[in-house]
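Open the model in a viewer and work through the selections below in order. Each stop says what to select and what is found there.

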Amino acid sequence: MWDYTDKVMDHFKNPRNVGSIPNADGTGQVGSLVCGDALRLTLKVNKETEVIEDAKFETFGCASAIASSSMLTEMAKGKTLDEAARITNQDIADELGNLPPEKMHCSVMGMEALEAAIKSYRQGGKPVVFEQQEEKLVCRCFNVSEEAIIKAIRLNHLTTVEDVTHFTKAGGACGRCKGDIQKILDKVNGAKAEEQPVQKPFGELTIVEKIKAVEKVLEEEIRPKLNMDGGSAELIDLSGNVVKIRLVGMCSGCMNAQATIKNFIEKTLQEKLDATITVEQA
Amino acid sequence: MKEIYLDNNATTRCYPQVVEAMLPYFSEKYGNASSMHTFGGQNRHAVETARAQMAALINAEHADEIIFTSCATESNDSVLFSVAESFPQKKHIITSAVEHPAVLEPCHVLESRGWRVDYIRVDAQGRFDLDELKSLIDGDTALVSVMWANNETGTIFPVAEIAKIAHAHGALFHTDAVQAAGKIAIDVQAADVDFLSVSAHKFHGPKGIGALYVRRGTRFVPYLVGGHQEKRRRAGTENVPYIVGIGKAAELAQKRLTDGSMQKIAALRDKLEKGIVAAIPDVKINGDVQNRVPNTTNISFGYIEGESILMYLNDFGICASSGSACTSGSLEPSHVLRAMKVPFQFAHGSIRFSLSDENTEAEIDTVLKELPPIIERLRKISPFSKENA
């Protein structure tokens with residue numbers, strides 16, 4: 001049972017401005033049936049003053065999605081486009097007397113729909129679907145871009161991967177992007193990359209030192225991420241700079257096994273130990 | 001407002017007769033069932049009576065094949081980790097894609113420890129694929145674990161056939177019978193089951209007590225150690241009041257299986273289902289309607305979202321569940337509906353009604369009266385419909 005405020009319940013039960021404005025001056029869409037929530041926002045804009053004279057919404061989603069959409073239309077009406085463009089997801093949540101953390105993405109959806117609708121008006125009124133930048137998609141399950149994640153982190157002072165999932169849904173399905181989200185968090189929040197101690201070149205290490213060095217990276221950098229998907233990796237053999245790894249658990253039968261070995265394990269070992277390391281699947 | 005409780009697959013009302021049977025064991029007969037003195041030792045009889053009652057519900061040959069646990073999750077975990085430890089030379093487990101997380105998650109843990117786990121698929125009606133099981137099982141398979149009935153759709157699985165295939169390949173067979181116990185007849189001997197898990201609160205017993213059936217002669221490594229209780233198979237002081245509770249609940253459940261209660265529940269369920277299908281367009285029944293437990297119906301309302309439906313139903317005191325993403329907090333709709341490949345426009349709007357023999361015709365009439373306007377209202381707000389999905 002979610003702990004919804006009276007205001008959320010009011011806007012859910014008595015949604016304001018439901019519907020679609022015919023011949024709207026701006027139409028913004030976000031979300032899809034697959035995602036589990038979607039919002040279509042239509043605006044009537046005074047061409048002289050750029051004041052939003054009317055806003056209507058249609059929403060597919062849970063109580064907080066409907067309430068956020070309803071509140072959004074109330075907040076947007078009477079504002080100029082420039083004023084409306086400054087409405088953040090936190091403003092929507094604040095007006096609703098707050099949302100459960102897991103539901104913050106509903107308010108983000110409102111902000112994104114408004115952004116798309118304003119863009120639609122500026123482009124002459126053709127409906128605009130809020131698009132995450134394809135080339136910078138971090139979460140491919142929910143189509144969340146790096147830009148959207150950075151924006152959510154900055155606006156809402158997020159500090160953990162869980163926070164980012166609550167606000168943007170990124171990482172909420174397969175979880176494969178959780179490592180990338182952490183990296184973005186580190187970057188935005190200015191976490192200092194740990195200073196690398198001066199290392200002997202990998203090739204000069206003894207075989208025991210090599211095993212320990214590879215094991216350390218496996219344990220600290222690689223297994224935690226594979227574990228999130230129910231998998232793991234074992235060091236099987238080592239010869240020169242060639243490391244043999246066996247994927248276990250969920251990773252063993254995974255279609256992306258080869259990509260995991262090369263793009264993730266090999267890359268990480270190269271970054272942490274020596275650029276000449278190659279990894280083979282045992 | 002009196003609630004209309006249609007969420008009996010989530011939990012059931014602990015029957016007053018059950019509570020009454022339990023009460024003396026809190027403050028009056030509080031002795032330790034393992035004590036040497038009469039005051040404690042007499043509680044042993046209460047525990048053993050309950051064991052016999054539990055054994056009778058599933059037709060176990062011997063009462064000592066029942067181990068009391070804290071819940072069905074503990075029963076399931078115990079089986080999976082016991083098998084992993086008992087058969088170190090084998091490395092393969094087969095289960096289904098639609099199990100409860102209490103089976104799926106220990107399977108994931110075992111995978112991270114090097115076990116291979118195959119998840120047998122189901123078809124669009126949620127029916128188990130016996131052919132896929134036959135194609136995947138081999139001498140390396142230590143355990144086949146498949147639920148007796150699915151919690152979300154009520155679909156009953158062919159456990160006797162699955163057990164036969166498992167045994168033919170030298171594997172043990174476990175079934176999570178949480179949603180079957182008390183709803184349909186369970187016979188561990190006829191079905192040739194090695195392990196079976198149940199939970200009292202799903203058949204009008206208290207929460208916090210479950211049972212595990214382990215057929216005599218089956219390898220079993222305890223999950224909890226630290227005491228001699230339950231013949232050293234589950235350490236920890238016997239939870240006498242709750243054990244008495246599960247025993248009494250099992251006895252009552254067994255009576256209900258033959259006194260016409262199940263026919264009454266099925267008739268109400270069918271009335272609800274038919275009424276909804278007749279009154280509301282774009283609905284879809286999920287599950288194998290020919291082969292379900294009598295109390296469950298899972299219905300998808302296209303183009304709207306389940307949590308919103310539940311919140312409106314809540315206004316009328318109507319309690320149900322949804323397989324939508326929003327109610328689980330997982331952001332994805334139910335893994336059971338996804339395994340059945342229910343289209344997303346229906347998966348997000350699924351509602352499970354699960355009845356008990358306490359439900360009445362009048363309650364079903366109330367649901368049939370209140371539900372259609374709710375669906376219509378939400379569909380008016382939705383940007384999707386049959387035309388543009």
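Two residues count as being in contact if their C-beta atoms, placed from the backbone, lie within 7 Å. The model is predicted, with local features needing pLDDT of at least 70 and side-chain atom pairs counting only at pLDDT 80 or more, while totals for chains, interfaces and linings use all residues. Residues are numbered from 1 along each chain as its sequence is written, and chains are lettered from A and ligands numbered from 1 in the order in which they are written.

**Stop 1: the two domains.** Select 16-257 of chain B as domain 1 and 260-381 as domain 2; such bounds come from an automatic or database domain assignment. The C-alpha centres of these two domains of chain B are 29 Å apart.

**Stop 2: the contact between them.** In chain B, 21 residues of domain 1 are in contact with 20 residues of domain 2. The domain 1 side of this contact has nine nonpolar, seven polar and five charged residues. Here Ala, Val, Leu, Ile, Met, Phe, Trp, Tyr, Cys and Pro are nonpolar, Asp, Glu, Lys and Arg are charged, and the others, Gly among them, are polar.

**Stop 3: strand β13(B).** Select residues 350-354 of chain B. Strands are DSSP runs (E, at least two residues), numbered from the N terminus. Five of the five residues of β13(B) are buried, meaning that 20 or more other C-beta atoms, placed from the backbone, lie within 10 Å of a residue's own. B:S350, B:R352 and B:S354 are on one side, with B:I351 and B:F353 on the other.

Notes. A residue is buried if 20 or more other C-beta atoms lie within 10 Å of its own, exposed if 12 or fewer, and partly exposed in between; C-beta atoms are placed from the backbone. Helices (H or I, at least four residues) and strands (E, at least two) are DSSP runs, numbered from the N terminus.
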